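This briefing is meant for a reader who is meeting the structure for the first time. Please look over the sequence and the model before reading on.

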Amino acid sequence: MSPEQYLLNWQNSQHDAESMYPLLGSLYRDQGVETQIFGRVLVNASTIDILKAHKVARWYTGREVTTAETLPIIKSLAAMQLGPCRVDVGRLAQQYWDKHDNDSGLDDFLSTATASIQGTGIAQSRDVVLYGFGRIGRLLARLMIEKSGPGYPLQLKAIVVRGGRDGDLAKRASLLRRDSVHGPFNGSIVVDEDRNALIVNGNYIQVIYANHPSEVDYSAYGINNAIVVDNTGMWRDEESLGQHLTAKGAAKVLLTAPGKGEMKNIVYGVNHNDIADSDTIISAASCTTNAITPVLKAMNDKYGIVSGHIETVHSFTNDQNLIDNFHKGDRRGRAASLNMVLTSTGAAKAVAKALPELKGKLTGNAIRVPTPNVSMAIANLNLDSETDAESLNAYLRDTALYSPLAGQMDYTQSTEIVSTDIVGSRFAGVVDSEATIAEGNRCVLYIWYDNEFGYSCQVVHCIEHMAGVKYAVIPTLEA
């Protein structure tokens, strides 16, 4: 290929990506169709984001999936009458173009692939309230605003916080607008001081000041049958979380922390079908539990896990002190920005709440390190059967691409990846294949995860499921 041809190919790809914009927008806003390329969401993506998503195919298929292959698929989908679903045009392109030389049979192929969701219509909307507006609360707001539109069933109606002093609303808006880790908010935020509200990309979000759930009447703001997402961490058992249900307009509660007692701890993608319509209080478990459980399920399904230890290298959190000071927890009083801090984690034991077959088989510990986001879980496992690094990685790669866990597991073959490269990952965990160690019936797996954003994506999936929204995935991922 001549040097000039590289630039021409790039320009053609840019043109294709730009042509996708109105089609992707129409699919999402009008029909509730969320388009992806190998798990990378295309809704609101930039031209460069779309082009980079296409290159991800090399990790899975050994070749790039080109815009020339995906654009006709997107055009054909936009002409159909589909219902809410998640369509991976990268996987569809791979399936079709690996067997065809032209697009003469593309419409028939897509019609068959999408038969189950044609004409299913838009789901009924459900009100959502964020109780607390810290790191996770603000990322949940970003995600829900990003998804908002006629085709999306969840509507963020209110945020509940303590305070109410002069300037508080502007401060809350500023923290949503700017983030030192995740960058600027992609959109417009207007502060309505008179009504204590934020108008975010056209979404009216009421800010309610209260020190306790019993002080809130959501119905007074036109909010009814709401799912309240508690991301304060103040209450973690069913009795205390039940206080939310005493507020008028609240119907269900989702905790963004490990739940105590007999509460269901849900890792979406693993045990989300355990959520019953009658459940009013559930937990979305922890970021670490969400990161490791899908990988552990995959390992247990194929190789069987006899025992194991999970060591978490975790970014520091607001629970730690920036400089040495009193803290009720052991070691957490030492400066988070200067030290590696050995601490405990319940994530390994919590896996059993989502994956009961691993009860009593895992231990765990954590080391907090001086980075603001992205963590790593190191899983040292003893297996029922023998394997080697090459075959183990091939299995995990296929699981990340083709199995029902594809939405939770990602896989990288990069030899240069570091923690900042994972910031913004929408997956619960990313298997670092280049670090995999396997010999006989023992293996060590390294799993990266954005403990803020990736976890928040899992929480949103749980909210959707609690609301009764069960998205079809096209193409179907077989178990």
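Trp10 is found in helix H1 (residues 3–31), where helices (H or I, at least four residues) and strands (E, at least two) are DSSP runs numbered from the N terminus. The model is predicted, so local features need pLDDT of at least 70 and side-chain atom pairs count only at pLDDT 80 or more, while totals for chains, interfaces and linings use all residues. Residues are numbered from 1 along each chain as its sequence is written, and side-chain values use heavy atoms, with hydrogens and water left out.

**Around Trp10**
- Trp10 is partly exposed, with a relative accessible area of 34% (buried is under 20%, exposed over 50%, partly exposed in between, with a 1.4 Å probe and protein chains only).

**The sheet**
- Seven strands form an open sheet with mixed pairing, in the order E13-E14-E12-E15-E18-E17-E16; two strands pair if DSSP finds at least two bridges between them.
- Strand E13 (341–343) and strand E16 (409–412) stand at the edges with a single partner strand each, so one side of each is left without a neighbour in the sheet.
- Four bridges join E16 to strand E17 (residues 429–432), and these two run parallel; in E17, Val431 is the bridge partner of Tyr411.

**Helices on the sheet**
- Helix H10 (residues 287–302) lies across E12, E14, E15, E16, E17 and E18, running at about 150° to E18 (axes are lines fitted to C-alpha atoms, for helices over the stretch in contact, and angles run from 0 to 180 degrees between N-to-C directions).
- Helix H11 (residues 347–354) packs on the sheet, touching E12 and E14, where contact means heavy atoms within 4.5 Å.
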